[in-house]
Amino acid sequence: MTISQTIPGDAVAVRRRRRIRISTVVWFTLPAAAIMLLVLGVPLVYSFYYSLTGWSLVIPGSDQDFIGLLNYTDVLRSSEFWAAIRVTLIYAVVAVSLECALGILFAVLLNLEFFGRGLFRSLMLIPMVITPAVVGIFWKLLYEQDSGVFNYLLVTLGLEAVPWLSLTVALASVIIMDVWQSTPFFTLIILAGLQSLDRDTVSAAQADGANALQVFRYLTLPHLVPYIMIAAAFRIIGVMADFDKIFLLTLGGPGNVTTTLSVYAYNTGFKVFDIGRTTAISWIYVVFVLAISAPLIWRLFRGASVNRH
């Protein structure tokens, strides 16, 4: 007895159609995969290779100087690198936490029925669509010690002017700038979550005597957890890659109090012209971002997979 005789005809047809479908998907996906490999894969391979060399732009022929993992060990032993890690972590944790809390607050407020709600929802999006470079220049003007808007308002109210970009306040000023620009991102995603909340369940809880705080604590907040995780995952990756607005606001200073990993990599590459070391920093930076964001993304996709089944 042959194998084909043991399988019913319908099952054979189903398998044949599945093979044809998979083959079609592969052929349609192949061009995009090839382009992605060319655009992303080739530069990654080149950057990894040069991270193993002593390439400096001021030393001709140094791009062929293979030094193995020396760039990586030098970077990991550098106190400046660990200072940049500390600044990046403080910046990311504080900024994303504030944006999440404010995003939930604004989303709940914008989910209420009131006159002009559509206008406020539209205005909310403005900071998010402004180019980061413009945001950096804009907030630099606001933070000006003598002629800035913030100090003008403080002096008008009889208070002392604040040195916003000084050694002690600069990092907080950078965080405030990011919170202003990125809170609408959290608000938008959480508001979408609130719109999908089952109103019948809320009405039933209210009919059983639950007050507004209990409804939010036991119904609304658990429903919003996946939306908060999505927003947090994107923002953690984004905030650790922030460069342009920080650089334009403070240049990473004063000293190194606002030197994040991206600013540190820029300074190494375009001030010291040490390309080998810069690419090594970039690869360490990739591993660092993946280590921070991977658990959150894994939990998010695992939860989605469980919900589908």
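**Helix α4 and its surroundings**

Modeller: Helix α4 covers residues 79-110, 32 residues in total. Its first and last C-alpha atoms are 45 Å apart, close to the 46 Å expected at 1.5 Å a residue. (Helices are DSSP runs of H or I, at least four residues, and strands are runs of E, at least two, numbered from the N terminus; the expected span is 1.5 Å times one less than the number of residues.)

This is a predicted model: local features need pLDDT of at least 70, side-chain atom pairs need 80 or more, and totals for chains, interfaces and linings use all residues. Numbering runs from 1 along each chain as its sequence is written, and side-chain values use heavy atoms, without hydrogens or water.

Start at the N-terminal end. Ser-78 caps α4 there. A side-chain oxygen of Ser-78 lies 3.2 Å from the backbone nitrogen of Glu-80.

Now the record. The unreviewed UniProt entry annotates residues 89-110 as one of its transmembrane regions; such annotations may be inferred rather than shown by experiment. In the model, that span is 100% helix and 0% strand. Its end C-alpha atoms are 31 Å apart.

Next, the packing. The largest nonpolar core has 53 residues. (Such a core joins buried Ala, Val, Leu, Ile, Met, Phe, Trp, Tyr and Cys residues through side-chain atoms within 4.5 Å; buried means under 20% relative accessible area, with a 1.4 Å probe and protein chains only.) Met-240 and Leu-261 touch the most other members. Elements giving two or more residues to this core include α4, α11 (212-240), α13 (261-270) and α14 (275-308). The largest share, twelve residues, comes from α4.

Leu-261 shows the link. Leaving out residues up to four places away in sequence, Leu-261 touches Phe-81, Ala-84, Ile-85 and Thr-88, plus Tyr-285 and Phe-288. (Contact means heavy atoms within 4.5 Å.)

Finally, the rings. The whole structure holds 19 aromatic pairs. (Phe, Tyr and Trp rings, the six-membered one for Trp, pair if their centres lie within 6.5 Å; planes under 30 degrees apart are stacked.) Tyr-46 and Tyr-50 are a stacked pair, 6.3 Å centre to centre with 25° between the planes. Both sit in helix α2 (residues 9-51), four residues apart, so about one helical turn separates them. Tyr-50 is buried, at 19% relative accessible area. Elsewhere, ring pairs join Phe-138, Trp-139, Tyr-143, Phe-150, Trp-164 and Trp-180 into a cluster.

Conventions:
A polar contact is a pair of N or O atoms within 3.5 Å; within protein, one must be able to donate a hydrogen and the other to accept it, and residues adjacent in sequence count only if both atoms are side-chain atoms. Buried means under 20% relative accessible area, exposed over 50%, partly exposed in between (1.4 Å probe, protein chains only). Rings of Phe, Tyr and Trp (its six-membered ring) pair if their centres lie within 6.5 Å; planes under 30 degrees apart count as stacked, over 60 as edge-to-face and the rest as tilted.
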